[in-house]
Amino acid sequence: MFYLYKSACMINIAYLEEKVLTRAAFILAFEKQEDCKVMYSESVSTAFIAYIQNQSLPPDLCILSDAYPYTELVKIIKAIKLKSKHPYILLKSETKFMKGICFLLKNGLNGFFFTDEPMIDLSKSVYQRTQYKITADKLKLIINNRKGDIQIKELLYNNSPLTQNEIMFIQACVRDESYEEIAIRLDKTIKAIYGYRDRIFKKLQVKQRTAMVMTALKRNYIDL
């Protein structure tokens, strides 16, 4: 049975993320969840490992970004496991490389979540060791790969590339322009602008303008 022995009411989180702005944004999102507190965050993996090793009690939850080489992440996972089998370890991933995720799962990672889908319930994950909101086909691939039955093929992440007009639309949204202003800039009708928006939402699998911009930035579809 898995349980928290360090804190009965607070999930203490240690977070490794390379990008400062991304780290700050996710810390805010983590702490919006009830009873979740980021106790430590870092961009340097060696500093993160040193923090884990120097704690008398480990964090309840360690979240690692997939921006780092997977061999480096394995070293971090092993350092966490060596300190204690208690911490739950999550990979914050955009699932670009399913082979890499399976490799980490085989080497001690507990689970992962997607950065462009609704954030998982961190408390529920720690307390109940639940699976996450992943599609059935991806879950099947992971389970089969962990059993060694099949060879995983990398999933193509960008199956619906954006058109130039759609890219210009998103860049205008980054500048916080209204749809009317975007229509004037692109010399299009309002109806056409809403059409761009709806097609982009479908391609990126988002439902909000902010999520659209963040997803496009993360996938390097647009430049600031």
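Is Tyr-40 buried or exposed? Tyr-40 is buried, because its relative accessible area is 19% and buried means under 20% relative accessible area, exposed over 50% and partly exposed in between, with a 1.4 Å probe and protein chains only.

Before I continue, please note that this is a predicted model, in which local features need pLDDT of at least 70 and side-chain atom pairs count only at pLDDT 80 or more, while totals for chains, interfaces and linings use all residues. Residues are numbered from 1 along each chain as its sequence is written, and side-chain values use heavy atoms, with hydrogens and water left out.

First, the overall picture. The protein chain has 10 helices and 5 strands; these are DSSP runs numbered from the N terminus, helices being H or I with at least four residues and strands E with at least two. Of the 224 residues in the protein chain, 47% are buried.

Now to the aromatic rings. A search of the whole structure finds 6 aromatic pairs. Rings of Phe, Tyr and Trp (its six-membered ring) pair if their centres lie within 6.5 Å; planes under 30 degrees apart count as stacked, over 60 as edge-to-face and the rest as tilted. One of the pairs joins Tyr-15 and Phe-30 edge-to-face, at 5.0 Å centre to centre and with 80 degrees between the planes. Because Tyr-15 lies in strand 1 (residues 11–16) and Phe-30 in helix 1 (residues 20–32), this pair ties together parts that are 15 residues apart in sequence. Both Tyr-15 and Phe-30 are buried.

Tyr-40, with which I began, forms a tilted pair with Phe-48, at 6.2 Å centre to centre and 45 degrees between the planes. Phe-48 is buried as well, with a relative accessible area of 0%.

Tyr-15 and Phe-30 also belong to one aromatic cluster with Phe-26.

Finally, I turn to two helices. Helix 7 (residues 164–174) and helix 8 (residues 179–186) pack at an angle of about 135 degrees, with their axes 10 Å apart. Axes here are lines fitted to C-alpha atoms, for helices over the stretch in contact, and angles run from 0 to 180 degrees between N-to-C directions. Helix 7 is therefore oblique to helix 8, since angles under 35 degrees count as roughly parallel, over 145 as roughly antiparallel, 65 to 115 as roughly perpendicular and the rest as oblique. Where they meet, with contact meaning heavy atoms within 4.5 Å, the residues of helix 7 include Met-168 and Phe-169, and those of helix 8 include Tyr-179 and Ile-182.
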